[in-house]
Structures are given as structure tokens and as C-alpha cells.
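Here is a short report on one protein. Look at the picture first, then read on.

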Amino acid sequence: MAKGKDVRIRVILECISCVQKGANEESTGISRYSTQKNRHNTPGQLEFKKICRYCRKHTTHHEIKK
């Protein structure tokens, strides 16, 4: 059994182009994805290219703090 903190943690990925636009008339919201990461293998922040349903294209999604 593992003691202490869990190795896998839940993170939220947020579209950086929607955040930079500030939810104006082009973007009606901010795209967010929920996923898990291994704390030991990836100690830094995650960054993925995902589909943004508000921008309607592939954009970079960064990990945000809860």
C-alpha cells in the first residue's frame, strides 16, 4: 500500500486562446478538459493540443491550479 500522497492527481486543462480573448463576442466561453497526471513522471505543468469547442479549432490547453 502506498503511504502519503496519491501519485495520480486530477488536473484541469484550459484553452489559452479563450482566456486571452477574455470571452468576447468571438468566444462565448472557456474550454476546459479534466484529466489525470502522474505526479512523479510529470512534475511540471501539462500542455496538450485539444479541440476547443468555442474557437472551433485545435488550440493549446494548459494545466490550471484548482
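The report goes from the overall fold to the sheet, then to single residues.

## Basis

This is a predicted model, in which local features need pLDDT of at least 70, side-chain atom pairs count only at pLDDT 80 or more, and totals for chains, interfaces and linings use all residues. Residues are numbered from 1 along each chain as its sequence is written, and side-chain values use heavy atoms, with hydrogens and water left out.

## Overall fold

The protein has 1 helix and 4 strands. Helices (H or I, at least four residues) and strands (E, at least two) are DSSP runs, numbered from the N terminus. Along the sequence, the pattern reads β-α-β-β-β.

Of the 66 residues in the protein, 27% are buried. Buried means under 20% relative accessible area, exposed means over 50%, and partly exposed lies in between (1.4 Å probe, protein chains only). The accessible surface is about 5200 Å², and carbon and sulfur atoms hold 49% of that surface. Such areas come from the Shrake-Rupley method with a 1.4 Å probe; for residues, only the protein chains shown count as cover.

Now take the contacts (heavy atoms within 4.5 Å). Among those with a separation of 6 or more, 50% join residues 24 or more positions apart.

In what order do the strands of the open sheet stand? The order is 2-1-4-3, and the pairing is antiparallel. Strand 2 and strand 3 are at the edges with a single partner strand each, so one side of each has no neighbour in the sheet. From one strand to the next, the twist averages 45°. Axes for such angles are lines fitted to C-alpha atoms, for helices over the stretch in contact, and the angles run from 0 to 180 degrees between N-to-C directions.

Strands of a sheet pair through backbone hydrogen bonds, either parallel or antiparallel. Two strands count as paired if DSSP finds at least two bridges between them. The pairs are listed here.

| Strand pair | Sense | Bridges |
|---|---|---|
| Strand 1 (residues 8-15) and strand 2 | antiparallel | 7 bridges |
| Strand 1 and strand 4 | antiparallel | 4 bridges |
| Strand 3 and strand 4 (residues 57-64) | antiparallel | 6 bridges |

Some residue partners can be named. Leu13 has Tyr33 in strand 2 as its bridge partner. Ile12 stands opposite Ile64 in strand 4. Phe48 is bridged to His61, also in strand 4.

Arg32 lies in strand 2 (residues 32-38). Is Arg32 buried or partly exposed? Arg32 counts as partly exposed because its relative accessibility is 46%. Its side chain makes a polar contact with the side chain of Glu14 at 2.6 Å. A polar contact is a pair of N or O atoms within 3.5 Å; within protein, one must be able to donate a hydrogen and the other to accept it, and residues adjacent in sequence count only if both atoms are side-chain atoms. Leaving out residues up to four places away in sequence, Arg32 touches Ile12, Leu13, Glu14, Arg53 and Ile64.

Gln36 is also in strand 2. Gln36 is partly exposed, with 41% relative accessibility. Beyond four places in sequence, Gln36 touches Arg8, Ile9 and Arg10.

Lys37 counts as buried, because its relative accessibility is 7%. Its side chain reaches the backbone oxygen of Gly44 at 2.8 Å. Beyond four places in sequence, its contacts include Val7, Pro43 and Glu63.

## Helix and cysteines

Ser17 sits in helix 1 (residues 16-21). With 19% relative accessibility, Ser17 counts as buried. Ser17 touches Cys55 and Thr59, not counting residues up to four places away in sequence.

How many disulfides are there? A disulfide here is a pair of cysteine sulfur atoms within 2.5 Å. By this rule the count is 0. Cys15 is in no disulfide, and its nearest cysteine sulfur, in Cys18, is 3.7 Å away. Cys15 is buried at 0% relative accessibility. Cys52 is buried at 0% as well.
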